[in-house]
Amino acid sequence: MESPGPRRAAADLRAAHDDRGLHARRCAAQGRPVVGYIGCDTPVELITAAGALPVRLAGRAGRDTTSARTYLDGSVDPQAVNIRAAILTPQDDDPVPDLIVITHDCDASLQLFYTLRELRRIGAE
């Protein structure tokens, strides 16, 4: 007979797969900072060492990206547009980070950073 440990681990993995933001919301509810990151070269070890939970921000199929396309359409790939939509208009199961780290791993990440910085500067959205 299987011990409860592996069953619990399998259930936790299934839940994390079905809801990417579940762990981040649980950590945030316990007072642990959540740091969203964009870029494959993000130093997640430093985020973890600072006591925060690193969460890779990603797009999701079916998300409404109408407002995000206003600022980014044509200049970056659809994934970056989708991430921008998730940051500014998160849906129920999206992780809502306390901070966001964006590295310069590609031009799309850099363009996303510049767009978010300018939107904040002018107070838009």
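Helices α5 and α6 are roughly parallel to each other (angles under 35 degrees count as such). Helix α5 spans residues 78–88 and helix α6 residues 107–122. They pack at about 30°, with axes 10 Å apart. Axes are lines fitted to C-alpha atoms, for helices over the stretch in contact, and angles run from 0 to 180 degrees between N-to-C directions. Helices (H or I, at least four residues) and strands (E, at least two) are DSSP runs, numbered from the N terminus.

The model is predicted: local features need pLDDT of at least 70, side-chain atom pairs count only at pLDDT 80 or more, and totals for chains, interfaces and linings use all residues. Residues are numbered from 1 along each chain as its sequence is written, and side-chain values use heavy atoms, without hydrogens and water.

On the α5 side, A80, I83, R84, I87 and L88 make the contact (heavy atoms within 4.5 Å). Their counterparts in α6 are A108, L112, L116 and L119. The contact of α5 with α6 has eight nonpolar residues, no polar ones and one charged. Ala, Val, Leu, Ile, Met, Phe, Trp, Tyr, Cys and Pro count as nonpolar, Asp, Glu, Lys and Arg as charged, and the others, Gly among them, as polar.

Three strands form an open sheet, ordered β2-β1-β3, with parallel pairing (at least two DSSP bridges between two strands). Strands β2 (53–56) and β3 (99–102) stand at the edges with a single partner each, so one side of each lacks a neighbour in the sheet. Neighbouring strands are turned by 30° against each other on average, direction ignored. Strand β1 (residues 34–38) pairs with β3 over four bridges. V35 stands opposite L99 in β3. Helix α2 (residues 22–29) packs on the sheet and touches β1 and β2. The direction of α2 makes about 150° with that of β2.

Methods
Angles under 35 degrees count as roughly parallel, over 145 as roughly antiparallel, 65 to 115 as roughly perpendicular and the rest as oblique.
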